[in-house]
Amino acid sequence: MTYFIAQILPYITVTVFVLGVVYRLWRWAASRIVHNITLSPFPQTKTEVAGIYLREILLFRNVFYFDRPLWVGAWPMHIALLNVIGGHVVGFYFLGKQFVYLGASEALSTYLSNLLGTVFGIILLAGLLYLLYRRIAIDKVRQVSNPSDYLMLLLLISIVSIGNFMRLVPEYGMHYEPVKEYFTTLILFQPAAIPEGNPFFIAHLLLAQILIMILPFSKLMHLFGMFGMRWIENRVYKEPAPGLPNVDVAAARARGTGLSSAGSTDVA
């Protein structure tokens, strides 16, 4: 079982994730938007559009204005999640020495790497628990929740809890070097045995892979979908041409696709 989780499943996970994301993006891109639904006030330049993107992505502005209690949990949770994912990539790649490039000693860099990972891990867990509490305790949120919402939150909570446990209990933790070596062998298509056979690391890795495979087919796909939604709602507004929405009337008449010529009348 460990062999499958560590040396076979990662390739299945990446394949399912990439194909799933491409499929969902293709479905969205192929959908025809009949009407221009840019929301007022209309941005006048692409710079203004970029500003809206940044405010929404970095600050969750709409959530802040329209559902402050949700923002209190969702914004810190997403910021912590971004830092945890980035910390995994950077920390393992640089073996915890990334802050050396900012002038810190190797010992201080390792300490800061571990400290920030622990702090953001706790914030992330607290945010997830708060979101789960909202779904259970608040009636209007519970009414629009379905079983998959609870399962996704429980899966995330399990992954983060195991990760926090490994950080807070050093004897069950993982060192940077063997983990980096393990992922390097995966990238080179020469998968090695899972480092040290740590059962908590195995569970953490398994649950993370399940989450990655599910992501393209779940509400977590909003990670990608929010960019398309923002473009549809906040792109620079242009007055549509007269006639049918999104139809080049002149070109349609030239092709003879059924639009009558200007001034002509139908004959019964």
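Predicted model: local features only at pLDDT ≥ 70, side-chain atom pairs only at ≥ 80, totals over all residues.

Me: Which residues is glycine 20 in contact with, leaving aside its neighbours within four places in sequence?

Reply: Once those neighbours are set aside, glycine 20 is in contact with Pro216 and Phe217. Proline 216 stands 196 residues away from glycine 20 along the chain, yet the C-alpha atoms of the two are separated by 5.2 Å.

Me: The next topic is the backbone angle phi. Where is phenylalanine 60 placed, and what is its phi?

Reply: The general idea is that most residues other than glycine have a negative phi. In phenylalanine 60, phi is near 55°, a positive value. This phenylalanine sits in the loop between helix H2 (46–59) and helix H3 (61–66). A positive phi near 55° is also found in leucine 95, which lies in the loop between helix H4 (68–93) and H5.

Me: Do phenylalanine 60 and leucine 95 count as buried or as partly exposed?

Reply: The 20% cut-off is again the one to apply. Phenylalanine 60 has 15% relative accessibility and therefore counts as buried. Leucine 95, at 23%, counts as partly exposed.

Me: How should I read the packing of two helices, for example H5 and H7?

Reply: One considers the angle and the separation of their axes; an angle over 145 degrees counts as roughly antiparallel. Helix H5 (residues 106–137) packs with helix H7 (residues 147–168) at about 155°, and their axes are 9 Å apart. H5 and H7 are therefore roughly antiparallel to each other. The crossing in which H5 passes H7 is left-handed. Sorted by class, the residues in this contact are 15 nonpolar, seven polar and three charged.

Me: Which residues does UniProt place in the feature "transmembrane region"?

Reply: An annotation comes from a record and may be inferred rather than shown by experiment. The unreviewed UniProt entry gives this feature at residues 6–26, 70–95, 115–133, 153–170 and 201–221. In the model, residues 6–26 are 100% helix and 0% strand, with the end C-alpha atoms 31 Å apart. Residues 201–221 are 67% helix and 0% strand, and their end C-alpha atoms lie 26 Å apart.

Conventions
Residues numbered from 1 in each chain as written. Heavy atoms only, no water. Contact = heavy atoms within 4.5 Å. Axes fitted to C-alpha atoms, helices over the stretch in contact; angles between N-to-C directions. Helix = DSSP H or I, 4+ residues; strand = E, 2+ residues; numbered from the N terminus. Parallel < 35°, antiparallel > 145°, perpendicular 65-115°, else oblique. Left-handed = near helix turned anticlockwise from the far one by under 90°. Nonpolar A, V, L, I, M, F, W, Y, C, P; charged D, E, K, R; others polar. Buried < 20%, exposed > 50% of the residue type's maximum accessible area, 1.4 Å probe, protein only.
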